[in-house]
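Please look at the structure below. Then follow the questions and answers about the terms used for it.

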Amino acid sequence: MNRARTARGAVPRHDDRRRSFPQVAPREAPDGRFASTWWGNAWVDALEDTALDPARLARGKAYARRGHVDAITVTPGRVVASVHGTRPRPYRTEIRMRTLGDDGWERFLDEAAARPDHIAALLDKDVPHALEAVTGLLPAPGDLVPDCSCPDDGYPCKHAAALCYQAARLLDEDPFVLFLMRGRGEQELLAGLTRRNAVRSAAETSAAAPPMPTVPARAALDAAAGAALPPLPAPLPPPARPGRPAVFPPDPAAPDPLALDLLATEAAARAHAFLTTGVDPVAALTPWQDAVRLAAAHPGSGLTAATRALYRDLAHALDRTPTDLARAVAAWRQGGAEGLAVLEEPWDPPAGPFDRARPALLASGFPALRPWRNRLSDRSLQLRLGRDGLWYGYESDPGREDWWPRGDPDPDPVGALSALLGH
């Protein structure tokens, strides 16, 4: 039997809980800091706030700049590398830290899966500031425990400091390195996000489905015996939106499951449009609108390998980024083509509903929102008036101006803002 296979014949999955990184050249951020991302700087701050000797830190930073840190290996709770000093033989240096417990990871996954912009950011190797709230994820002073085979008893010694500074470069490039340090690999985290996304999607679909009319079994038997047939139930009203297709399991003898899913989704969307409007919704779309429509019709939010490939290929074909496409998909799911226009096309509304919105919001106890064209904003919430007269909700991490569609459009600005705040 092939030893590369398990007893049931399945090829074991790659274990990404141990990653090795070749030596990388250091690069300081424009502001002079060693890390360029906020989570990389949190790592550096945890080191510097714990250090007892600033001079050793300075020497460690110089070692990192000069390339004294060899390849780095990261496993849960441990970062290890050989660091060259003044002697010919390098020292074995490591940084230890606590891993995040199951409850902490559950909080992290719940926070990350709660909003599509958080998922898109993680897939784009970015960490939303909202995830700072997960206790134990980011290192705090005292979390990083250095150890080195050198005779220096500094805390940390210059070799451990060099390793810490160079590890910040890895965190800048890939935040999943931080998650691995805290105990979980990228595959496990993405699988957890995928499960949560599927549960949420199923719940949304179940909540939107109307109850099916039924015929009692006794009436059907009586009809088969020659009794008068009961009247047929009234036709079902058209659903508010097309249903999502079934999940097609992979099969070597079957067509590509992603292609089958796209075909079924496309057929459902166009059939729904013909049923409700008699108009083909695809004919007048631009290539970008059609790409967004295709991605939006696909279940999930770009989490699985298949959907990540779909997002990547569609975005690349139109000179956009996967994050651009994910944001546009959220807008399309919020309001179709009009929702996408609200995302991408600011405009100057005439006097009327827009001018009345601010006093109405103030009268309802909401804080003052600053106006700009068709938008009303504060640090993290925004309303946009569409040309269809509906208000579309948006959300951003405070102060980032990284707006993502959220909630359903509402003709009343008070209702739209209340939905964003969960009132």
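Q: Where is Glu 401 placed in the chain?
A: Glu 401 sits in the loop between β9 (391–395) and β10 (404–405). Strands are DSSP runs of E with at least two residues, and helices are runs of H or I with at least four, both numbered from the N terminus.

Q: How do you know which residues and atoms the values refer to?
A: This is a predicted model, where local features need pLDDT of at least 70, side-chain atom pairs count only at pLDDT 80 or more, and totals for chains, interfaces and linings use all residues. Residues are numbered from 1 along each chain as its sequence is written, and side-chain values use heavy atoms, leaving out hydrogens and water.

Q: Why is Glu 401 called exposed?
A: Its relative accessibility is 52%. Exposed means over 50% relative accessible area, buried means under 20%, and partly exposed lies in between, with a 1.4 Å probe and protein chains only. Glu 401 has 52%, so Glu 401 counts as exposed.

Q: What makes the phi of Glu 401 worth a remark?
A: Phi of Glu 401 is near 55 degrees, a positive value in a residue other than glycine. Most residues other than glycine have a negative phi.

Q: Which value does phi take in Arg 373, and where is Arg 373 found?
A: Phi of Arg 373 is near 50 degrees, again positive in a residue that is not glycine. Arg 373 is in the loop between β6 (370–372) and β7 (375–377).

Q: Why is Arg 373 called partly exposed?
A: Arg 373 has 34% relative accessibility, so it falls in the partly exposed class.

Q: Why does Asp 412 count as partly exposed?
A: Its relative accessibility is 36%, so Asp 412 counts as partly exposed. Asp 412 lies in the loop between β10 and α14 (413–421).

Q: Why is Thr 265 called buried?
A: Thr 265 has 6% relative accessibility, so it counts as buried. Thr 265 belongs to helix α9 (residues 257–276). Thr 265 and Pro 242 are 23 residues apart in sequence and 8.3 Å apart in space, C-alpha to C-alpha.

Q: What makes a residue a contact of Asp 126?
A: Contact means heavy atoms within 4.5 Å. Asp 126 touches Trp 39, Ala 121, Pro 175 and Arg 400, leaving aside residues up to four places away in sequence. Trp 39 is 87 residues from Asp 126 along the chain, with 9.3 Å between their C-alpha atoms. Asp 126 is in the loop between α4 (116–123) and β5 (145–148).

Q: Why is Asp 126 called partly exposed?
A: Asp 126 has a relative accessible area of 22%, so it counts as partly exposed.

Q: Why is the pair of Phe 176 and Phe 179 called edge-to-face?
A: The structure holds five aromatic pairs. In the pair of Phe 176 and Phe 179, the centres are 5.3 Å apart and the planes stand at 90 degrees. Rings of Phe, Tyr and Trp (its six-membered ring) pair if their centres lie within 6.5 Å; planes under 30 degrees apart count as stacked, over 60 as edge-to-face and the rest as tilted. So the pair is edge-to-face. Both residues lie in helix α6 (residues 176–181), three residues apart, about one turn of the helix. Phe 176 and Phe 179 are both buried. Ring pairs link Trp 105, Phe 108, Phe 176 and Phe 179 into a cluster.

Q: How do you know that the charged end of Arg 320 sits over the ring of Trp 288?
A: The charged end of Arg 320 is 4.0 Å from the ring centre of Trp 288. A charge sits over a ring if NZ of Lys or CZ of Arg is within 6 Å of the ring centre and within 35 degrees of the ring normal. Arg 384 lies over the face of Tyr 394, at 3.9 Å from the ring centre.

Q: Which peptide bond is cis?
A: The bond from Tyr 155 to Pro 156 is cis, with omega near -5 degrees. Most peptide bonds are trans. Pro 156 is in the loop between β5 and α5.
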